[in-house]
Amino acid sequence: MRLTRQSNYAIRTLIYCAVNDPGLSRVADIAKAHAISELFLFKLIKPLVENGLIETVRGRRGGIKLGRPAEEITLLDTVRLTEESFSMAECFEDGDISCPLADNCDVNAALREALGAFFNVLESHTIADLASKRRSLRQRLGLTFEEMEPVLIAQAAH
């Protein structure tokens with residue numbers, strides 16, 4: 001099984017937002033950090049916003065941020081939104097199946113078991129887990145702690 005670019009970049013976007021928390025993340029900065037087009041990223045963010053994984057903040061100093069705590073967003077949440085199909089074989093799909101064994105097949109059962117294990121692993125990892133090496137990730141993503149000082153000072157004042 002191979003995940004699409006949409007899943008890959010959606011996960012990266014969520015990690016970026018988690019690492020940049022409590023600050024807002026700009027789409028342009030995320031696109032630059034991952035060398036992807038802003039247009040592609042905007043299209044990708046839409047379902048993440050619609051499903052509450054990301055929130056948008058409008059305005060001159062706007063941006064995006066996680067829609068709920070990173071500890072509550074699993075890889076499975078993200079992959080389910082970004083993958084069209086988890087059909088590992090033709091017999092997983094509805095409709096015309098050319099295999100005469102489709103209704104009673106051990107291969108089908110084994111593949112379904114494998115897919116279930118895949119989902120269980122994805123569900124056991126959160127965005128917080130992936131963002132746990134915050135200082136190292138901030139550096140690799142081109143984020144500095146100095147950029148956050150105004151945000152942290154403003155939060156401390158409230």
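These legends go with several close-up views of a predicted model. Residues are numbered from 1 along each chain as its sequence is written, and side-chain values use heavy atoms, with hydrogens and water left out. Because the model is predicted, local features need pLDDT of at least 70 and side-chain atom pairs count only at pLDDT 80 or more, while totals for chains, interfaces and linings use all residues.

**View 1. Tyrosine 9 meets phenylalanine 40 edge-to-face.** This is one of 2 aromatic pairs in the structure (rings of Phe, Tyr and Trp, the last by its six-membered ring, pair if their centres lie within 6.5 Å; planes under 30 degrees apart count as stacked, over 60 as edge-to-face and the rest as tilted). The ring centres of tyrosine 9 and phenylalanine 40 are 5.9 Å apart and the planes stand at 85°, so the pair is edge-to-face. Tyrosine 9 belongs to helix 1 (residues 5-20) and phenylalanine 40 to helix 3 (residues 38-50), so the pair ties together parts that are 31 residues apart in sequence; helices here are DSSP runs (H or I, at least four residues), numbered from the N terminus. Both tyrosine 9 and phenylalanine 40 are buried (under 20% relative accessible area; exposed is over 50% and partly exposed in between, with a 1.4 Å probe and protein chains only). Look also for arginine 5, whose charged end sits over the ring of phenylalanine 40, 4.7 Å from its centre (CZ of Arg or NZ of Lys within 6 Å of the ring centre and within 35 degrees of the ring normal).

**View 2. Phenylalanine 118 and phenylalanine 119 form a tilted pair.** Their ring centres are 6.2 Å apart with planes at 40°, so the pair is tilted. Phenylalanine 118 is partly exposed, at 26% relative accessibility, whereas phenylalanine 119 is buried at 17%. Arginine 80 lies over the face of phenylalanine 119, at 5.6 Å from the ring centre.

**View 3. Residues of helix 1 meet residues of helix 2.** Tyr9, Arg12, Thr13, Tyr16 and Cys17 in helix 1 are the partners of Asp29, Ile30, Ala33 and His34 in helix 2 (contact means heavy atoms within 4.5 Å).

**View 4. Threonine 126 sits in a loop.** The loop runs between helix 5 (106-123) and helix 6 (127-130). With 12% relative accessibility, threonine 126 counts as buried. Leaving aside neighbours within four places in sequence, threonine 126 is in contact with Ala70, Glu71, Ile73 and Thr74.

Terms used
Helix = DSSP H or I, 4+ residues; strand = E, 2+ residues; numbered from the N terminus.
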